[in-house]
Structures are given as structure tokens and as C-alpha cells.
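Please open the structure in a viewer and keep the selection panel at hand.

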Amino acid sequence: RVSRSVQKRFVSSAEVITFDTRHLSGIPGAATLPPHHPSHIAYAKTFELPEKVTGSAADRLLDRRLVEAWREDGILQVSIPSGNQVLQNATLKSKEFFAQPYAQKSVCVDYQSFAGYIASGEELTDGIRDYSEIFTVTKDLPDSDPRVQQQWPCHGPCPWPSKPFDGAMTNLMNYMGDYGEKILKLTAYGLGLEDENALNKLTEDGWHHMRIL
């Protein structure tokens, strides 16, 4: 995946470049693509969300564009203010974690919650090995939770490597969760739903996850 900075207030223009990876010399991000596979580099539409969703005229313009992005591309991205301390701290802690020896990282796995470390090449995407190292953060539930005791899939503890890593990633997940709540409300507006909180209600106490790459 290749990203670029976006200056427009609401949404960038979407571009898709199709090429064979054997002819990628000089193309940004080419070195990260698997060899000998036709690939697509896409620039996702990028949105800047308001501090609070109120149903204003600006919100109404934004919600229509969000729904258009879902329908046209099935994916979008949201910009975060530069210099954000929550994101910077999470980035620092993630780099510290991935710099550790494999033996130390590989024990951070929980097969009940499907959270934790995934080594480079361990995961397949469309039959192609993913070269990223990953730490999947899930909703951290204690063993006493009824869902954990009943062995619900994807429900269980998150195997944190350390308290500082736990704190940084939990803060980031909560921070991004606020963005998610705004997106759901704006999407409900864009779909013309009578209840502006209809989508938010569907995710209450839901199972959420975040991937650190």
C-alpha cells in the first residue's frame, strides 16, 4: 500500500495505477510489492472529520461523499491532525516492539482472541505471503468474561508484551474508535436513515480490532 499527503479539505481524487511488478523501477513503493504478481496501487479517498457531528450543512456534504466512497471503492481513509501525541506514542512503542528478537515477539499470541504477533511471511493475502510484521490488537477481555468462558471465537485477552505497549495501543484504539463513531453517524446521515445513531447502536460492545504494521 502506498499513501500520499492530501491537502484538499474533504476528499482527494482517487487514482488507480495498474502494472506488472516486473517493470517497477522508479515507482514509489515498488520494493514492498511481491515479485511477479500483477498489482494495483490505489490512492484512497481521504476525509477530514469534524470535531463533532451535528448534522450541519458541512456534515451533510461530507456524509454524501462518504457514502459515495463506500459505494465506489469500498474503502476510504481519514486524516489525523499532524503531531498527534497518541499516534506518535503508539508509533514509538510499535517500533520498539518490532525491533525485539523473534523469540521474544513470537510468544505474544492468544489463540482465543486471535490477537498478538504475526511474523513476516506467516500470513497469506490472496495466496501471496504478506511481508509485513503485524501485531493485532483486539478487545482485551478478562478470563472472567462470560463470552471468554463460553469460548466465543475472537473473544479473549490481548497478549500485551508490556504495560507501556498496552497503554499506547489502547489509547490509540480508543482514539480511533471515536473516529469510527463519527464515520458511522455520518454514514447514517448519508444513507438517509431516520435514526442518526442506527449504525452506532449496532456496534455497541462489539468486537473490534486494530492491526499494527
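**First stop: H2 and H5**

Helix H2 passes helix H5 in a left-handed crossing (the near helix is turned anticlockwise from the far one by less than a right angle). This is a predicted model, in which local features need pLDDT of at least 70 and side-chain atom pairs pLDDT 80 or more, while totals for chains, interfaces and linings use all residues. Residues are numbered from 1 along each chain as its sequence is written, and side-chain values use heavy atoms, without hydrogens and water.

Select residues 85-98 for H2 and 163-191 for H5; the two pack at about 140°, with axes 9 Å apart. Helices here are DSSP runs of H or I with at least four residues, and strands are E runs of at least two. On the H2 side, highlight Val86, Leu87, Asn89, Ala90, Lys93, Ser94 and Phe97, which are in contact with H5 (heavy atoms within 4.5 Å). Both sides together comprise 10 nonpolar, three polar and one charged residue.

**Second stop: H1 and H5**

Next, select residues 57-73, helix H1, which packs against H5 at about 90° with axes 8 Å apart. H1 is thus roughly perpendicular to H5. Among the H1 residues that meet H5 are Leu62, Leu66 and Trp70; the H5 side includes Ile183, Leu186 and Tyr189. This contact divides into eight nonpolar, two polar and four charged residues.

Finally, select the lining of the second largest pocket, including Tyr102, Ser106, Phe114, Glu122 and Thr136. The volume of this pocket is about 220 Å³. Strands S5 (109-110) and S6 (115-118) each give two or more residues to the lining, and S6 supplies the largest share, four residues. By class, the lining has seven nonpolar, three polar and two charged residues.

Conventions: Axes fitted to C-alpha atoms, helices over the stretch in contact; angles between N-to-C directions. Nonpolar A, V, L, I, M, F, W, Y, C, P; charged D, E, K, R; others polar. 1 Å grid on protein atoms, 1.4 Å probe; cavity = no way out; pocket = protein on both sides within 12 Å on 5 of 7 lines; lining within 4 Å. Points joined across faces, edges and corners; volume = space filled by probe spheres on them. Parallel < 35°, antiparallel > 145°, perpendicular 65-115°, else oblique.
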